[in-house]
Amino acid sequence: MSQSQEGSGTGQTTPSASAIGSEGNPLRVAVVGSGPSGFYATDALFKSDISVVVSMFEKLPAPFGLVRFGVAPDHAKIRNVVKTFEKTAAHEDFRYYGNVAVGEDITVEELKRHFDAVVLAFGAQTDRSLGIAGEDLARSYTATEFCAWYNGHPEYRGCGFDLSQETAVVIGQGNVAADVARVLAMPAEDLEKTDMATHAVEALKRSKVKTVHVVGRRGPVQAKFTPKELSELAEIPGCDFVIDAKYLDISDTDQAELNLPQSKSNQRNFDILKEVVANASAGNERKLVMHFYKSPKALTGAGGVEAVTLEINKMAGEPGNQWAEGTGETETLACGVLFRSVGYRGVALEGVPFDEKKGTVPNEAGRVTGAFQMYVAGWIKRGPSGLIGTNKGDSAATVDTLLCDLPNFRPAEVRDDAAVEGLLRERGVRFVSYADWKKIDAAELERGAAVGKPRDNFTDVASMLGVLDV
Ligand SMILES: Cc1cc2nc3c(=O)[nH]c(=O)nc-3n(C[C@H](O)[C@H](O)[C@H](O)COP(=O)(O)OP(=O)(O)OC[C@H]3O[C@@H](n4cnc5c(N)ncnc54)[C@H](O)[C@@H]3O)c2cc1C
């Protein structure tokens, strides 16, 4: 328990609604989740002109969500955003409760009892399924589990990935699919000096994968990679980037789509693909092959994936609003391992309304529909799209809504940190304060320095907590 958190109760007094947020009667907000959206919401609250105490609840001891457990280890600079979050965490009215799973260790109802407002920022914790035959065959994996595994997420460290096959297929053409394809195709030695989990580096060193097919249902004009991610695929050392030139012979509708003002990134992608075709490399042992206009229809194999049946698509619609339609024609692509990267999906939390179809918490401008003094931000609000920075404006908009509603707030029943902490202690929950986390962080940095890595993260909760118990 850090000094700043110890005895940091905001008092048992119950102010009138109008007084909440004034000096001496800070607004008490619980933020669920410590990813970018949770931190950006916290920052927006601290930058507002009210007095506010923010308590952030995170199910893992380590904060930062997908910045730690999603962002690819060879994208070290992107993880630097953590420095911004650390500044927010240094605020005297910030409390961190790591290793506390809301819904298990403390309920949403209990948070509502102890806090004037609850901001849900718990991200999208699972993956969308393809809904096709054979999806659950052995060696058919999700990008969600693969990325979490190579980043050492405690809940995924035990996942085994059979990389003994020579041909891999990645379904999807967004940045996560690009990360998966790049990690599979790049020399494992290049990952050794990153903060990738050691178990993953060792498995990738033993990998037999030589060819990675990346399959998208739409065309090169619609691929959702950011240009930077696409360029990186073309620059993997010792790997040919193969695209059939026929894909670059695009329709008039595609050309009109590229001319739209919002298509700058797509135009850059298209230019990159043209450069790749013009300067095609060949003869490398490893190959990354791009497929467009193909949708998976079935995975087949005896005992594990051996092939994927792909339906050939054609595009329909107008420039800027085109979609893929199946032609009925199919082809079979032989492969020994397959990764589905067709999007993340939110998971329902008890006591919170949930839209099963969208996998999000229904809301109006961040105010949870039908719930009182409850707000939502980030991927669980709008679905799994956008970069880390996208969450900044999104969280700020949610906080604006909260501040707008503040004059009508009913004060929480129990306005005391000590009561929340007592509840957790009674249940035997070893919560991790921010000062505790900094000790774990220091230990990970030290372990990394010893082996020439930027950091060597603990991949299980017991080891993280072990740092605190010495
Ligand atoms: C594989 C991958 C790679 C990416 N790479 C990049 C990149 O290179 N650059 C970029 O800009 N963006 C990248 N993104 C996107 C970026 O990570 C997201 O935009 C961002 O993390 C979403 O923030 P969030 O706070 O909504 O969710 P998250 O980051 O998922 O944070 C949610 C947090 O809530 C916690 N939580 C969940 N349930 C509970 C519970 N019941 N109780 C308490 N805590 C809970 C989780 O443990 C997690 O820490 C990537 C995304 C993925 C999936």
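Colleague: Leaving aside its neighbours within four places in sequence, what is A307 in contact with?

Modeller: Contact here means that two C-beta atoms, placed from the backbone, lie within 7 Å. By that test A307 meets T300, G301, T332, L333, A334 and C335, once neighbours within four places in sequence are set aside. Before we go on, this is a predicted model, so local features need pLDDT of at least 70 and side-chain atom pairs count only at pLDDT 80 or more, while totals for chains, interfaces and linings use all residues. Residues are numbered from 1 along each chain as its sequence is written.

Colleague: Where does A307 sit, and is A307 buried, exposed or partly exposed?

Modeller: A307 belongs to strand 12, residues 307-318. Strands (E, at least two residues) and helices (H or I, at least four) are DSSP runs, numbered from the N terminus. For burial you count the other C-beta atoms within 10 Å of a residue's own: 20 or more is buried, 12 or fewer is exposed, and in between is partly exposed. A307 has 18 of them, so it is partly exposed.

Colleague: How many C-beta neighbours does N313 have inside 10 Å?

Modeller: N313 is in strand 12 too, and it counts as buried because it has 20 such neighbours. Not counting residues up to four places away in sequence, N313 touches R217, Y293, K294, S295, A324, E325, G326 and T327.

Colleague: On to helix pairs: at what angle do helix 6 and helix 7 cross?

Modeller: Helix 6 (residues 143-150) and helix 7 (residues 175-185) cross at roughly 55 degrees, and their axes come within 10 Å. Under 35 degrees is roughly parallel, over 145 roughly antiparallel, 65 to 115 roughly perpendicular, and the rest oblique. Helix 6 and helix 7 are therefore oblique to each other.

Colleague: Which residues of helix 6 and helix 7 meet?

Modeller: Helix 6 brings A143, F146, C147 and Y150, and helix 7 brings V176, A177, D179, V180 and V183. By class, that contact of helix 6 with helix 7 has eight nonpolar, no polar and one charged residue. Nonpolar covers Ala, Val, Leu, Ile, Met, Phe, Trp, Tyr, Cys and Pro; charged covers Asp, Glu, Lys and Arg; the others, Gly among them, are polar.

Colleague: What about helix 10 and helix 12?

Modeller: Helix 10 (residues 227-234) and helix 12 (residues 264-278) pack at about 10 degrees, their axes 9 Å apart. They are therefore roughly parallel to each other. In the contact, P227, L230, S231 and A234 of helix 10 meet S265, R268, N269, I272 and V276 of helix 12. Here the classes are five nonpolar, three polar and one charged.

Colleague: Which residues of helix 15 are buried?

Modeller: In helix 15 (residues 417-426) they are D417, V420 and E421. Seen down the axis, these buried residues fall within an arc of 95 degrees, so they line one face of helix 15. That arc is taken from the directions from the helix axis to the C-beta atoms. The buried residues of helix 15 pack against strand 2 (52-58), strand 3 (94-98) and helix 5 (108-114), while exposed G422 and E426 are on the face turned away from the buried side.

How values were computed. Axes fitted to C-alpha atoms, helices over the stretch in contact; angles between N-to-C directions.
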